[in-house]
Amino acid sequence: MSDSPFTRYSKYPNTKDDLILSEGQLVNKRTKAPLLTIDGLPWLLNNPDLSLAKWRQQLRQFVDAHLIEIQKLENTKAALPSTRKRMDKTLEALRYNHAAFEALLSPILQMDGKYPEHLNLQFDLPKVHAYFQNIFRDWHWDTDENQKHLDFVVDSLGDVKFDRLFVFGAGAGRLSYDLHRRLQLTETIVSDINPLLALVADRSFQGTPLGLYDVPDAPLNLEQVAYRSQPTSIAKVDGLHTALCDISDNAFRSEKLQTILTPWLIDVVNHPLETLLFQCHRLLEKGGYWVNFGPLGYSDRYSTQSYRSEEIKELADQFGFKLVASKQAILPYMQSPVTQSGRTEPVQCLVFEKCSDHQFRWREHQPPIWITNIDEPIQLTSALQQKLEVAKTQYEILAAVDGKISINELAQMMAEHYQMSEDDAVESLLSFLG
Ligand SMILES: C[S@@+](CC[C@H](N)C(=O)[O-])C[C@H]1O[C@@H](n2cnc3c(N)ncnc32)[C@H](O)[C@@H]1O
């Protein structure tokens with residue numbers, strides 16, 4: 001590597017020292033410590049050791065979940081020949097995918113980390129397998145869904161022109177790749193918090209997309225149960241770079257980016273929109289653009305944070321952004337060509353220009369005093385109180401697991417204890433223990 005955009009845009013996480021290239025490697029300019037990279041992808045997440053430990057644990061569970069299913073299927077007796085066929089097909093697919101993921105993720109899974117996994121006390125871990133289907137939609141399915149998303153974004157941009165793009169929450173990366181080619185961008189940095197998706201994206205950008213079996217959720221017949229899904233042929237293009245980033249990361253230089261795209265992100269991300277706006281404002285050059293594309297399908301629609309377009313515009317205005325283009329459409333979403341399952345979603349694309357160079361302070365999100373000064377007593381704020389309640393409940397559930405109790409039995413206890421319906425208890429147990 002003789003040049004890297006990360007020396008221009010990024011800093012060394014936590015220490016915020018400059019990054020330089022030394023003998024082809026990104027290193028801390030002051031300490032010469034190498035930047036953590038995974039298969040060449042810069043790991044720009046805050047607290048790299050801790051975030052790596054967190055992801056390694058999650059990825060291990062994700063890969064091992066295949067093994068558990070494989071063992072279950074191997075021990076299943078099938079009465080009907082067609083049921084045996086279904087089991088065998090699924091087994092073949094799971095074995096193949098297991099080996100593919102083990103190989104793809106080996107740079108993380110085999111890495112030693114400083115943090116023992118049980119000390120990883122982060123509560124709000126994004127799930128590895130969330131948006132797993134995006135891999136197939138982006139790089140395998142022969143449908144026009146990606147094309148429609150691309151056309152809509154390009155159309156929404158109107159007269160807005162740029163040649164460098166930074167994408168937060170790019171997922172498996174297809175839209176970023178397509179935009180890079182269609183707009184003939186000189187440089188596109190494609191980032192996501194999830195290493196599985198970032199590695200899949202990068203493989204495709206290199207022209208070698210990951211081969212996998214598609215195992216649909218609700219196949220109608222044996223044909224659809226599992227099929228070897230050939231990735232579409234992808235040309236390697238120059239100027240695309242992949243990195244691991246959280247939208248709240250501090251490892252970026254201010255006012256260096258020309259355009260930031262947040263595709264299908266703001267309604268699922270675990271940070272308030274203010275955090276994203278603060279970041280976009282800080283990172284963009286004056287006159288740069290924030291392009292937000294996607295639906296507004298928040299999980300808690302009654303939350304004050306579940307902003308609709310009017311509120312997004314008002315908030316963006318407070319952060320010195322002016323709306324310069326916008327469009328709405330109904331687009332296909334995850335429409336599998338095999339099972340014909342999928343939905344349509346109302347989406348919008350809002351294009352904002354950064355018009356002010358006022359330096360905002362991160363008011364609402366200043367870390368509390370006991371974080372900046374670790375000798376200060378920690379206050380039990382309502383947010384920490386809530387974590388405590390969640391942890392207590394999780395502890396009680398896990399402590400009741402004795403190798404004999406079933407989800408239904410646990411749900412009955414939970415329903416009684418927490419005065420909730422058994423259906424709700426089953427649902428929350430399935431998501432917690434699943
Ligand atoms: C709904 S998916 C959209 C993926 C992709 N943009 C697309 O349109 O197909 C949301 C993406 O945001 C990523 N994400 C979630 N929280 C994030 C965070 N805090 N920082 C960066 N990316 C995040 C997820 O890993 C996921 O890839």
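I begin with helix α7, residues 195-205, which lies across β6 (187-192) and β9 and runs at about 165° to β9. Axes here are lines fitted to C-alpha atoms, for helices over the stretch in contact, and angles run from 0 to 180 degrees between N-to-C directions. Helices (H or I, at least four residues) and strands (E, at least two) are DSSP runs, numbered from the N terminus. Two residues are in contact if their C-beta atoms, placed from the backbone, lie within 7 Å.

Please note that this is a predicted model: local features need pLDDT of at least 70, side-chain atom pairs count only at pLDDT 80 or more, and totals for chains, interfaces and linings use all residues. Residues are numbered from 1 along each chain as its sequence is written.

In what order do the seven strands of the open sheet lie? The order is β9-β6-β5-β10-β11-β13-β12, with mixed pairing; two strands pair if DSSP finds at least two bridges between them. At the edges are β9 (240-244) and β12 (321-333), each pairing on one side only. On average, neighbouring strands of this sheet are turned by 15° against each other, direction ignored.

Within the sheet, six bridges join β10 and β11 in the parallel sense, and L261 has V291 in β11 as its bridge partner. Helix α10 packs on the sheet, where it touches β12 and β13, and its direction makes about 20° with that of β13.

I turn now to helix α9. Eight of the 11 residues of α9 (residues 273-283) are buried, so this helix is largely enclosed by the rest of the structure. A residue is buried if 20 or more other C-beta atoms lie within 10 Å of its own, exposed if 12 or fewer, and partly exposed in between, with C-beta atoms placed from the backbone. Among the buried residues of α9 are F278, C280 and H281. Which elements do the buried residues of α9 pack against? They pack against β10 (257-263), β11 (284-294), α10 (309-318) and β13 (343-354).

Finally, consider strands β1 (residues 19-22) and β2 (residues 25-28), which pair in the antiparallel sense over four bridges. L19 has N28 in β2 as its bridge partner. The two strands β1 and β2 form a hairpin with two residues between them, and E23 in the turn has a positive phi of about 50°.
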